[in-house]
Amino acid sequence: MREVKLLTDEQMRFYVVNGFISVKTELPPEFHDDIYRRTDDIFEKEGNPGNNLLPRLPELQRVFHDPNVAGALTGLLGANYYMHPHRHCHCNPPGSDGQRMHMDGWNRRHHHTRWAMAFYYPQPTPIRLGPTGVVPGSHYNNTYNAEASEELPLCGDAGDVTIVHYDLWHRAMPNSSEGPRYMMKFLFARMQEPDAPSWRHGGSWGAARGGWNHADERALLWNHLWDWHRGCPSANGVNAQVAETSRDLADAHENTALNAAYRLAGTGTRAIPTLTDLLDDGSESVRRNAAYALSAIGAPAVPGMIERLGNDTAQTVEILADIGGGAEEAVPGLVDTLEHDDPEIRRWSAEALGNVALGDPAVVSGLKKHMKDSDGDVRRTVALALAKLGPAAESAVPELSDGLADDNRYARGNAAEALRRIGTPAALNALIPALTTARWCPGTTPESTF
């Protein structure tokens with residue numbers, strides 16, 4: 001793969017505000033024409049290949065090795081990102097009415113970019129062909145207001161790739177043409193918490209932290225995310241009245257409530273007791289907005305979350321997972337909550353331990369035991385956490401090897417990635433035979449079976 005072409009500060013600024021960035025591949029037009037033709041043929045004769053999209057069309061890997069695409073993914077997710085085994089080809093047929101506006105369903109909504117989707121279009125996509133419609137900036141919102149939202153169609157050329165925050169509201173728009181519109185969706189995960197900018201960062205942007213004035217409605221949110229991507233503590237300094245501002249967390253207008261959450265985060269430690277109490281509020285939206293504020297405060301909020309671990313709901317563990325690397329002090333408690341009766345708490349505990357990425361033997365021991373968890377979502381999260389630990393998870397090779405036969409397809413895929421990243425002879429000796437057995441032959445079709 002050629003050297004990647006990293007995003008600029010201006011492109012990262014656009015992403016922080018809007019939740020997506022579009023780039024053009026350097027592949028020739030005939031490449032995209034061939035992908036479109038073969039995709040059309042596959043749909044006509046075999047149907048949608050689903051998660052087998054890449055082995056069915058292995059040339060698609062060239063799209064994600066393209067310098068512009070790899071550079072954009074590096075900027076948003078760090079150089080160590082992971083192409084997740086979930087992928088899907090979306091066919092928007094001629095005459096369709098399109099989809100409803102939606103968020104994809106795996107993730108509970110978070111503002112930090114730990115997951116992203118890449119949309120690849122092998123054909124030119126004018127408005128009549130039913131492009132993907134997105135709502136810029138909607139990745140920060142849990143609710144969708146059609147009257148207040150402006151949909152943007154992702155029209156473009158063959159070979160365009162748009163990378164979106166996992167939580168961005170989007171849909172397939174109506175296709176009024178006489179032909180299908182194809183879009184290949186691939187899922188990517190961040191594997192390491194940001195500790196420095198992973199794009200071409202410099203100049204006046206370094207001092208301005210993104211350049212957003214606090215008078216803008218979402219400036220505090222944008223500046224926090226800018227700092228987080230740079231691996232810096234949030235530098236939002238706000239002199240807010242905690243009691244008065246906390247009342248706005250219940251505002252029916254979600255943007256007002258989010259602004260209040262980040263104003264409270266900007267006050268720092270003064271707001272922690274009030275925000276912690278609000279995690280027990282009767283309103284789900286108030287609890288969620290208080291959690292956003294505590295996650296943005298980061299490490300100073302961790303001691304209070306540790307105190308709640310013994311008798312609290314999954315939300316406390318979820319906050320620690322969102323704080324990520326700043327939650328190292330909570331690791332012993334998170335190892336304990338891996339044993340909780342509630343699978344949601346076990347899952348968030350595994351995610352938190354993966355985000356903290358502390359290769360302590362107690363962490364690895366606690367995680368690897370849950371490769372046999374009764375819940376498939378816990379197993380896939382544990383395998384991903386072990387993949388984030390990489391070589392530090394070497395003692396989990398036997399459990400990950402067994403995970404290659406898991407009945408949860410994503411637990412299997414994440415176990416394979418963990419073994420690859422551990423990279424010892426024992427890990428590779430377990431991985432290679434499993435991959436050989438699972439090898440897909442892209443030339444095998446109903447018309448040519450051998």
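**Largest pocket**

I sorted the lining of the largest pocket by class and got 18 nonpolar, 7 polar and 7 charged residues. I note that the model is predicted. I then looked up the volume of the largest pocket: about 1200 Å³. Of its 32 lining residues, Met83, Pro85, Arg87, Gly413 and Leu435 are the closest to the centre. I checked which elements give two or more residues to this lining, and found α3 (53–56), α4 (61–65), β2 (82–92), α19 (409–422) and α20 (425–437). The most comes from α19, with 8 residues.

**Second largest pocket**

I read off about 510 Å³ for the second largest pocket. I found 26 residues in its lining, with Cys232, Pro233, Ser234, Ala296 and Gly298 nearest the centre. The classes here are 11 nonpolar, 12 polar and 3 charged. At least two lining residues come from each of α7 (219–229), α9 (254–267), α11 (284–297) and α13 (314–323). I put α9 down as the biggest giver, with 4 residues.

**A sheet of 3 strands**

I traced an open sheet with the order β5-β4-β7 and antiparallel pairing. I followed β4 (residues 132–134) to β7 and found 3 antiparallel bridges.

**Helix α1**

I went to α1 (residues 9–18) and asked which residues are buried. They are Asp9, Met12, Tyr15, Val16 and Asn18. In an α-helix, residues three or four places apart point the same way, because a turn takes 3.6 residues. After α1 comes glycine 19, where I noted a positive phi near 85°.

Key: Residues are numbered from 1 along each chain as its sequence is written. This is a predicted model: local features need pLDDT of at least 70, side-chain atom pairs count only at pLDDT 80 or more; totals for chains, interfaces and linings use all residues. Side-chain values use heavy atoms; hydrogens and water are left out. Buried means under 20% relative accessible area, exposed over 50%, partly exposed in between (1.4 Å probe, protein chains only). Two strands pair if DSSP finds at least two bridges between them. On a 1 Å grid over the protein atoms alone, a cavity is a set of points where a 1.4 Å probe fits but cannot get out, and a pocket is an open set with protein on both sides within 12 Å along at least five of seven lines; lining residues have an atom within 4 Å of a point. Grid points are joined across faces, edges and corners, and a volume is the space filled by probe spheres set on the points. Ala, Val, Leu, Ile, Met, Phe, Trp, Tyr, Cys and Pro count as nonpolar, Asp, Glu, Lys and Arg as charged, and the others, Gly among them, as polar.
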